[in-house]
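Visitor: I have a structure to look through today. Could you walk me through some of its local details?

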Amino acid sequence: MAKIAVLGYGTVGSGLVEVLERNSAVARKQAGEEVLVKYILDLRDFPGDPYEDRVIHDYNIILNDPEVSVVCEAMGGVGAAYQFTKQALEAGKSVCTSNKELVAKHGAKLLGIAAQKSCNYMFEASVGGGIPIIRAINTSLVTERIEEITGILNGTTNYILTRMEREGADYGQVLKQAQELGYAERNPEADVEGWDTCRKIAILASLVTGKNVDSEKIHTEGITGISGADFAYAEAADMTVKLLASCRFNEDGSVRAMVAPFMISRDHYFAGVNDVFNGILVAGDMVGEVSFGGRGAGKLPTASAVAADVVNCVRSRGRNISCTWKPEEVRLEDPGESERRFFIRASASERGAVEKAFGEGTGFVKLPEGGGEFGFFTPVMKEKDFDEKCSALGAAVLSRIRLA
């Protein structure tokens, strides 16, 4: 019998216990033995909960119990979660987590400890919730030279953008609605500013390169500047707006990475990924483009991915499953050198200045109701050149969005 401990009895922690209980027969069959939750660590008590007798408040009980072979970290953050994870691995206990902040910041170090101690550090649920993207990169696509990964990696922001498009509402209105429905946190900053998405693309890029991609150095923009007017122009141009994370792997070993809102055509794969769903495209040199989709968050989808890691850890007890992610830093390409087209909204009175800056006939979109402004698609240009032109135009530019 494999005995495990769950750290944190919130959404993911309680979901994990539920998954292992409801699918106990499946877990037993796949692991080759019964998987039992022996401890649940939390600061709170849970009177009346079916598992209240397993709740403890002292982590050392778990750490010093030789029967516990797998620890599931569902606490979040990088404080106690990091210390407890590090101590468990050093004690030879495998650790499974959905904590993308911790993985992005300390993944290389924790994987190194796991390798030294012949145990495992697994984090499938840290990217894409229940979508098995990490396992695919580490196994199914292991002989591919992956050229690019692009994805919608945050259900909260995708839900907000979807509702903005469908309802013609502004960001603030939809955010409040998302919070009321439980799709957005009371403090949604990590989601809406793009940091959560950035950490996830950094994890995927690190696994592909085998070196550390620092999430804090990736150019990141959120969705707080997107308005209903942007969606109105997008609709007029038969397009939509999505928050995309992308990383391109260059032949010189560098990586081009970015998180930002993009305007995309209606026939683009990501245009059909709506509400809380996530979508990921992986381009390999042999297999071509492979797509992954599903619920990128939520109690049971995320817990299901953690449970799968638990089973893999049980099956691999005493043996480290190789996962290359070294501390050496990857060189990130200067985002200013990237080339693409852009969409801008500008004051109608400044049309002459915009034409002079970007050139005539490059794609004006005027809404039927007018409103004293117009939309404009630029020619292909470098990010740095676009920024210079926008700076020169000043207040004439009302908003700007990249084109994918």
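Guide: Happy to. Helices here are DSSP runs of at least four residues and strands are runs of at least two, numbered from the N terminus. Please keep in mind that this is a predicted model.

Visitor: Where does His 57 lie?
Guide: Strand S3 covers 55-56, and helix H3 covers 59-63. His 57 sits between these two elements, in the loop.

Visitor: Which residues is His 57 in contact with, leaving aside neighbours within four places in sequence?
Guide: Contact takes heavy atoms within 4.5 Å. With those sequence neighbours set aside, the contacts of His 57 are Leu 41, Asp 42, Leu 43, Arg 44 and Asp 45.

Visitor: Is H1 roughly parallel or roughly perpendicular to H12?
Guide: Helix H1 (residues 11-22) packs on helix H12 (residues 299-315) with the axes 8 Å apart and an angle of about 65°. Angles of 65 to 115 degrees count as roughly perpendicular, so H1 is, relative to H12, roughly perpendicular.

Visitor: How do the residues of the contact of H1 with H12 divide into nonpolar, polar and charged?
Guide: On the H1 side, the residues include Val 12, Leu 16 and Glu 18, and they meet residues of H12 including Leu 300, Thr 302 and Val 306. The division of the residues in this contact is eight nonpolar, five polar and three charged.

Visitor: What is the handedness of the crossing where H1 passes H12?
Guide: These are the helices that pack at about 65°. The crossing of H1 past H12 is right-handed.

Visitor: What is the phi of Ser 118?
Guide: Ser 118 lies in the loop between helix H5 (100-116) and strand S6 (121-122), and it is partly exposed at 37% relative accessible area. Although Ser 118 is not a glycine, its phi is positive, at about 55°.

Visitor: And what is the relative accessible area of Asp 275?
Guide: Asp 275, not a glycine, has a positive phi of about 55°. Its loop runs between strand S10 (255-265) and strand S11 (277-284). Asp 275 is partly exposed, with a relative accessible area of 22%.

Methods: Residues are numbered from 1 along each chain as its sequence is written. This is a predicted model: local features need pLDDT of at least 70, side-chain atom pairs count only at pLDDT 80 or more; totals for chains, interfaces and linings use all residues. Side-chain values use heavy atoms; hydrogens and water are left out. Axes are lines fitted to C-alpha atoms, for helices over the stretch in contact, and angles run from 0 to 180 degrees between N-to-C directions. Angles under 35 degrees count as roughly parallel, over 145 as roughly antiparallel, 65 to 115 as roughly perpendicular and the rest as oblique. A crossing is left-handed if the near helix is turned anticlockwise from the far one by less than a right angle, and right-handed if clockwise. Ala, Val, Leu, Ile, Met, Phe, Trp, Tyr, Cys and Pro count as nonpolar, Asp, Glu, Lys and Arg as charged, and the others, Gly among them, as polar. Buried means under 20% relative accessible area, exposed over 50%, partly exposed in between (1.4 Å probe, protein chains only).
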